[in-house]
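Here's a quick briefing to read alongside the model. Have the viewer open and follow along.

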Amino acid sequence: MKTVTAEPRTGGGLGRKPQRWKVFKSQKYLYLMSFPFVIWVFVFQYLPLWGWTMAFQNYKPGKSFWEQKWVGLEHFEALFRDGHFYLVLRNTLAMSLMGLVAGFVFPVMFALLLNEVRVQAMKRFVQTVSYLPHFVSWVVAAGIVSKMLSTDGGVVNAIMVQLGLIDQPIQFMAKGELFWGIVTAADVWKETGWNAIIYLAAIAGIGPELYEAARVDGASRLKQMWHITLPGIRPTIVVLLIMSIGHLIGIGFEKQFLLGNHMVSDYSEVLDLYALNYGLSMGRYSFGTAINIFNSVISLLLLFIANGTFKKFTNESIM
């Protein structure tokens with residue numbers, strides 16, 4: 001009796017299942033290693049989404065879920081009717097956009113320039129000093145910034161007076177129109193060195209033969225930087241830019257809370273601080289949850305828009 005051997009199926013869902021099972025078995029230890037992280041993400045990132053139901057309730061602590069009064073979109077309507085919300089949204093978008101531009105331009109420029117340093121000891125020293133501020137808490141960093149801008153012995157005012165740029169010290173921390181620039185500059189000082197690390201790692205992955213060929217062709221170091229280094233790290237830049245756009249309005253509130261005061265409150269209050277002040281602090285838990293849902297939904301939309309735009313024009317995306 002002739003035995004007929006079935007040919008492996010290459011198409012259709014049924015044919016792919018044995019292949020997927022085979023891959024799973026060959027990489028089972030990798031899946032097991034990732035399992036704790038999957039649980040962590042589920043517990044701390046997805047499970048708390050159940051709390052979003054509070055935004056559609058008139059939430060009262062101490063009552064069970066079924067005892068809460070459902071109010072639909074009442075809290076969202078109150079949010080959009082509040083004129084202060086739009087002031088807060090303006091501050092958030094302004095500081096986010098300024099931080100987005102500065103947070104990409106300066107780290108990329110710093111990484112490009114640091115890559116051109118040929119003395120390795122100097123390069124390591126500069127890189128170490130530049131990313132040390134990242135490990136300083138914003139409590140300490142805000143104190144340093146406030147002291148440097150102080151009218152009483154502040155370094156910035158002292159230098160400007162010595163150079164003849166001003167006659168009297170400027171009260172930087174009391175001028176609302178300067179607050180956005182102060183926050184952006186403080187963030188650049190604190191995070192530029194740290195953010196440049198990933199670009200330096202991407203630059204290290206560029207083949208040295210490309211630079212050698214460029215030097216043979218007579219390309220200057222500036223042209224090598226423009227035609228080799230920047231195109232080589234473009235995928236990294238695009239991916240990080242897309243992710244940053246997704247967090248455009250979710251900038252936190254630590255910087256604004258620590259550097260702000262009542263004299264600049266019209267410029268320092270952001271969405272997260274608004275949710276803290278008008279939500280949790282006043283016992284309006286449902287209203288605070290509605291603010292956070294608005295923040296998350298807008299961030300998600302920005303992420304998809306940015307990803308789709310870059311995918312269309314640069315063929316780079318994260319999804």
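Setting aside neighbours within four places in sequence, Lys255 is in contact with Trp138, Val183, Asp187 and Gly260, where contact means heavy atoms within 4.5 Å. This is a predicted model, so local features need pLDDT of at least 70 and side-chain atom pairs count only at pLDDT 80 or more, while totals for chains, interfaces and linings use all residues. Residues are numbered from 1 along each chain as its sequence is written, and side-chain values use heavy atoms, with hydrogens and water left out.

*Helix H12*
- Lys255 sits in helix H12, residues 254-259; helices are DSSP runs of H or I with at least four residues, strands are E runs of at least two, and both are numbered from the N terminus.
- Lys255 counts as buried because its relative accessibility is 13%; buried means under 20% relative accessible area, exposed over 50%, and partly exposed in between, with a 1.4 Å probe and protein chains only.
- Gln256 is in helix H12 too, and it's buried at a relative accessible area of 2%.
- Again leaving out neighbours within four places in sequence, Gln256 is in contact with Met95, Phe179, Val183, Ile251, Ser268 and Val270.

*Annotated domain*
- UniProt's unreviewed entry puts "domain: ABC transmembrane type-1" at residues 89-306; positions follow the numbering used here, feature names are shortened, and annotations may be inferred rather than shown by experiment.
- Residues 89-306 are 75% helix and 0% strand, and their end C-alpha atoms lie 20 Å apart.

*Helix H2*
- Trp40 lies in helix H2, residues 28-46, and counts as partly exposed at 48% relative accessibility.
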